[in-house]
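I opened the notebook to look up charged side-chain pairs. These are my entries, in the order I made them.

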Amino acid sequence: QKKAFQDPDDHLAKGGLKKMGEALDRGMVLALSIWDDGATNMRWLDSTFPPHDSPARLGVRRGPCDGSTSHPSYLRTAHASATVKYMNIRYGAIGSTTKADTSRRLDAMMI
């Protein structure tokens, strides 16, 4: 995907899945935050990015937003009272924090 979209592959440049696995083995801390993005106005998420590239170029059109309301100053003014609650957070080995829902397994859907 990075090659097709002509994006730099930072993940591979930093060692890819091997390095990520090593980092996970050392342990990690879950950090949750709310933030805005003065550098790109969050366009990388669901708009046209890079903003001056043609939306016709593969990977530039990333979602339906036009980016006109994505600037931090607009967001902080228009949504000054916005809040968030993080609830029901669980941690543990994969599969240990919830009961398995086998109805969603791929092999359960095969005909």
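Predicted model: local features only at pLDDT ≥ 70, side-chain atom pairs only at ≥ 80, totals over all residues.

Is D53 buried, partly exposed or exposed? I found D53 partly exposed, with a relative accessible area of 27%. The value lies in the partly exposed class because buried means under 20% and exposed means over 50%.

Next I looked up the partner of D53. The D53 side chain meets that of R57 in a salt bridge, at 2.2 Å from N to O. R57 also counts as partly exposed, at 25% relative accessibility.

K18 forms a salt bridge with E22, and their closest N and O atoms are 2.6 Å apart. I read K18 and E22 as separated by about one helical turn, because they are 4 residues apart in helix 3, which covers residues 16-26. The side chain of K19 also meets that of E22 in a salt bridge, at 3.5 Å from N to O. K19 and E22 are 3 residues apart in helix 3, again about one turn of the helix.

K18 counts as exposed at 59% relative accessibility. K19 is partly exposed, with a relative accessible area of 45%. E22 is partly exposed as well, at 26%.

Last, I asked how many salt bridges the count comes to. With a cut-off of 4 Å between the side-chain nitrogen and the carboxyl oxygen, the count comes to 5 salt bridges.

Conventions. Residues numbered from 1 in each chain as written. Heavy atoms only, no water. Helix = DSSP H or I, 4+ residues; strand = E, 2+ residues; numbered from the N terminus. Buried < 20%, exposed > 50% of the residue type's maximum accessible area, 1.4 Å probe, protein only.
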